[in-house]
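Colleague: I would like to learn how to read a few local features of a model, taking one at a time. Could you give me the general idea first and then the case at hand?

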Amino acid sequence: MVTEMLASQPNNKLVKPDWIRVKAPTSKEFLNTHELIRKQKLNTVCEEAACPNIGECWKKGHATVMVLGSVCTRACKFCNIATGIPDKLDPHEPDNLANAISQLNLSHVVITSVDRDDLEDGGAGHFVECIEKIRAKSPNTTIEILTPDFLRKEGAIEKIVRAKPDVYNHNIETVPSLYQKIRPGARYFHSLNLLHSVKKLNPHIFTKSGLMVGLGETKEEVLQVMDDLRAAGVDFITIGQYLQPTQNHANVDRFVTPEEFEYYEKIARFKGFLMVSASPLTRSSYHAGDDFIKLRTAREQLLENRPAV
Ligand code: SF4
């Protein structure tokens with residue numbers, strides 16, 4: 001699955017620290033978002049991944065919609081999305097999605113999907129249709145997509161880049177030494193290449209990637225991932241605490257302290273990312289709308305300060 005970084009109830013022996021606890025969602029606005037999502041028959045990664053931020057995000061009408069069904073063809077050890085034989089594509093999904101976004105009146109939207117290794121183009125065409133329908137109905141809404149890795153799906157990335165999403169996000173998820181254990185169906189250098197290709201194909205599209213910490217990686221490995229992402233031209237990095245969705249998923253190795261997240265944020269800015277979000281509850285789409293404005297401003301400032309040639 002393309003990830004939001006997850007989820008809710010660790011089952012190994014570590015006690016969840018205070019900085020991870022969140023309030024149960026109860027607001028009227030939360031219920032309104034819930035009703036609209038149900039009415040348009042949409043799936044959200046907020047629910048499927050049991051995201052701890054759902055109360056806060058849905059209160060503001062910010063939901064991350066998951067297209068291409070709710071069953072994934074991969075079985076990553078950190079992800080709560082169901083694995084199995086995927087659903088048939090819903091041809092009405094792009095229209096339903098565009099309707100929901102126009103009703104929520106969002107300035108920025110994040111769309112993600114399950115992995116669809118069974119489809120010839122991995123679902124790239126469906127992403128394009130979603131982008132086009134949203135643009136037609138809500139021309140002022142900026143669009144962020146969080147895609148699978150499209151491993152062995154030739155032409156998929158090019159197809160999506162031609163549709164010009166405002167932000168192309170693809171999560172690197174973890175450090176290379178943990179790929180075999182945590183993300184066995186994926187390849188670290190393929191994911192880096194994807195991000196690099198997006199930037200080469202259209203440098204105007206912002207690129208974004210995220211990783212989870214607390215899975216057993218070392219600090220040095222996290223810093224190396226930052227360097228690799230910068231070398232691939234990535235503009236925005238997100239770093240959040242891994243939480244174990246069920247006892248069948250990878251254990252939490254440790255709870256990273258807020259101070260360590262501050263350290264990662266400082267180093268990532270020093271390494272040249274335009275935008276950094278690093279905190280225990282950071283997820284790919286957490287505060288994505290506000291962060292998009294900061295990202296755009298950061299690029300404008302960078303261009304203003306660059307000497308003319
Ligand atoms: S952080 Fe992302 S996945 Fe979690 S509730 Fe917010 S929008 Fe949904």
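Modeller: Let us begin with His 190, which has its place in helix α8, where helices are DSSP runs of H or I with at least four residues, strands are runs of E with at least two, and both are numbered from the N terminus. The model is a predicted one, in which local features need pLDDT of at least 70 and side-chain atom pairs count only at pLDDT 80 or more, while totals for chains, interfaces and linings use all residues. Residues are numbered from 1 along each chain as its sequence is written, and side-chain values use heavy atoms, with hydrogens and water left out.

Colleague: Is His 190 buried, exposed or partly exposed?

Modeller: Buried means under 20% relative accessible area, exposed means over 50%, and partly exposed lies in between, with a 1.4 Å probe and protein chains only. At a relative accessible area of 22%, His 190 is partly exposed.

Colleague: Which residues is His 190 in contact with, leaving aside its neighbours within four places in sequence?

Modeller: Contact means heavy atoms within 4.5 Å. With neighbours within four places in sequence left aside, His 190 is in contact with Asp 149, Phe 150 and Leu 151. The C-alpha atom of His 190 is separated by 9.7 Å from that of Arg 152, which is 38 residues apart from it along the chain.

Colleague: And what is the relative accessible area of Ser 191?

Modeller: Ser 191 has its place in helix α8, residues 188-201, and it is buried, with a relative accessible area of 0%. Beyond its neighbours within four places in sequence, Ser 191 is in contact with Asp 149, His 170, Ile 172, Tyr 179 and Arg 183.

Colleague: Which side chain does the side chain of Ser 191 join in a polar contact?

Modeller: A polar contact is a pair of N or O atoms within 3.5 Å; within protein, one must be able to donate a hydrogen and the other to accept it, and residues adjacent in sequence count only if both atoms are side-chain atoms. The side chains of Ser 191 and His 170 are joined by such a contact, of 2.8 Å. In helix α10, residues 258-270, we find Glu 260, whose side chain has a polar contact of 2.7 Å with that of Tyr 264. Glu 260 counts as buried at 10% relative accessibility, and, neighbours within four places in sequence aside, it is in contact with Lys 219 and Arg 254.

Colleague: How should I read a whole helix, and which residues of α1 are buried?

Modeller: The expected span of a helix is 1.5 Å times one less than its number of residues. Helix α1, residues 28-39, has 12 residues and reaches 17 Å from its first C-alpha to its last, close to the 16 Å expected. Its buried residues are Phe 30, Thr 33, Leu 36 and Ile 37. These four lie on the same side of α1, because they cover an arc of only 130° around the axis, the arc being that of the directions from the helix axis to the C-beta atoms. The exposed residues Lys 28, Glu 35 and Lys 39 are carried on the face of α1 turned away from its buried side.

Colleague: What do the buried residues of α1 pack against?

Modeller: They pack against β1 (43-44), α2 (45-48), α3 (54-59) and α4 (93-104). After α1 comes Lys 41, whose phi is positive, near 55°.
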